[in-house]
Amino acid sequence: MATKYDLIVIGSGPGGYVAAIRASQLGMKVGVVEKAELGGICLNWGCIPTKALLKSAQVFEYIKHAKEYGIKVADPEADFGGMVKRSRGVAEGMSKGIQFLFKKNKIDHLVGHGKLKGKQTVEVKGEDGKTTDYKADHIIVATGARSRELPALKIDNEKIIGYRKAMVMDKQPESMVVVGSGAIGVEFAYFYNAIGTKVTVVEYLPNLVPVEDEEVSKALEKSYKKAGIKIMTGSEVTNVDTKGKKCKVTVKTKKGEEQLEADVVLSAVGVAPNVENIGLEEQGIEMEKGRIKVDDYYRTNVKGVYAIGDVIKGPWLAHVASAEGITCVEAIKGMNPEPIDYNNIPGCTYCQPEIASVGYTEKAAKEAGYDVKVGKFPFTASGKASAAGAKEGFVKVVFDAKYGEWLGAHMIGANVTEMIAEAVAARKLETTGHEIIKTVHPHPTMSEAVMEAVAAAYEEVIHL
């Protein structure tokens with residue numbers, strides 16, 4: 001007889017492990033299938049270890065600019081190996097934390113590769129090749145994603161690498177071409193440039209971080225150029241010759257072809273869902289544009305099978321997967337949770353300066369037919385930013401002029417990833433601009449810029 005569970009989750013990333021813990025809290029017997037480290041890509045090879053690397057780079061930059069803060073420091077030197085070691089240590093510590101949470105919540109870790117097999121059954125194949133069948137009333141597919149590959153950028157993990165290799169390289173490269181300027185691309189571009197690698201960023205679309213408001217994109221491009229990063233927007237890598245000691249990169253630009261040389265090329269052109277070899281075709285799971293099709297409560301077309309996270313329609317973010325996991329499990333338990341509002345999902349990019357946003361960009365709001373009020377407050381006018389030596393960037397807000405609805409918020413600067421939650425909560429509560437203006441913000445703080453930007457939209461700003 002196969003072991004029986006109320007719920008089996010395939011994958012232990014921020015969608016899978018959070019769904020499992022919530023299910024356990026609600027009294028369900030839960031098993032999680034995971035062949036690698038608990039915590040998935042985010043915790044082991046994504047969100048957490050990359051932020052550790054970025055913090056090391058930021059500290060190194062602080063030390064290099066210590067004189068500006070009235071501190072004398074001898075010539076600092078980046079210890080690339082030490083930075084990587086610290087990053088891995090942080091990830092390992094977090095993974096052990098998930099192990100603790102599994103024990104605390106009496107969740108079984110089913111070690112191996114999970115595959116849907118017949119009605120209410122998951123087959124788990126261990127490293128030794130042996131298979132074990134487990135039964136469950138409900139099965140959640142949360143298998144995540146991996147680096148997407150382009151025909152001209154076949155990852156060999158030597159000369160052409162993905163984000164995983166970029167975190168654990170044996171030695172720091174002297175030069176690097178980063179292909180793609182989404183969050184992964186610009187974060188690694190910042191990290192490697194900050195510690196002394198010569199970095200070029202190639203982006204196919206007209207702007208860096210193309211999903212962001214255009215003013216934010218332009219501000220980041222200006223900052224990166226000032227830092228010595230070469231920016232090539234509206235450009236495409238058509239070939240990488242890896243035969244020699246260095247990579248010879250052919251880039252197609254508006255002005256014609258350009259040849260670049262670099263020690264390594266980082267492919268950061270997005271992610272592809274892990275939907276192969278998990279039994280989807282055999283079980284007749286319906287797909288949509290290469291991802292699993294689900295309803296508002298993450299039910300697939302097959303009864304008792306659900307999907308969350310990077311295997312379904314985006315945005316593909318850790319906090320989205322976690323929210324989807326909780327919503328899915330609460331719906332299974334009949335709690336009637338409110339469907340997730342995907343227009344109120346914050347996006348954060350942890351380069352320096354940081355980027356954070358939620359809702360409509362100014363352009364998107366106008367295209368959607370809104371008459372908008374726009375307010376902007378630069379950190380050059382912020383007392384806290386001046387005191388911290390972090391005057392780069394701004395807060396920009398977008399409101400519907402007719403009804404006062406807060407349509408969007410877009411920030412670039414120090415610590416803005418910690419500030420965006422105010423806008424997310426306010427939008428969830430349908431807070432108006434005038435209510436934000438009348439909400440007393442502490443002084444001196446970076447977060448005052450949110451209130452000031454809203455006041456600017458309504459022509460009531462004090463400090464501009």
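Predicted model: local features only at pLDDT ≥ 70, side-chain atom pairs only at ≥ 80, totals over all residues.

Residues are numbered from 1 along each chain as its sequence is written, and side-chain values use heavy atoms, with hydrogens and water left out.

**Entry: salt bridges**

I took a salt bridge as a side-chain nitrogen of Lys or Arg within 4 Å of a carboxyl oxygen of Asp or Glu. My search of the whole structure found 20 of them.

I looked up E286 and K293. They form a salt bridge, with the closest N and O atoms 3.5 Å apart. E286 is partly exposed at 38% relative accessible area. K293 is partly exposed too, at 35%.

Which residues do salt bridges with shared partners join into one network? I listed D213, E215, E362, K366, K376 and K396.

Next came K117 and E123, whose side chains meet at 3.8 Å, N to O. K117 is partly exposed at 37%, whereas E123 counts as buried at 18%.

Then I checked K246 and D263, a salt bridge at 2.6 Å, N to O. K246 sits in the loop between strand 12 (236-241) and strand 13 (247-253), and D263 in the loop between strand 14 (256-262) and strand 15 (264-267), so the pair ties together parts 17 residues apart in sequence. K246 is partly exposed at 30%. D263 is partly exposed at 21%.

**Entry: the whole chain**

I counted helices (H or I, at least four residues) and strands (E, at least two) as DSSP runs, numbered from the N terminus. The protein chain has 13 helices and 24 strands. Its radius of gyration is 24 Å, close to the 23 Å that the globule rule gives for 464 residues, so the chain is as compact as a globular protein of that length. That radius is taken over C-alpha atoms, and the rule is 2.2 Å times the number of residues to the power 0.38.

I also noted the box that the C-alpha atoms fill: roughly 70 × 60 × 45 Å, along the principal axes. Buried residues make up 50% of the 464.

Terms used
Buried < 20%, exposed > 50% of the residue type's maximum accessible area, 1.4 Å probe, protein only.
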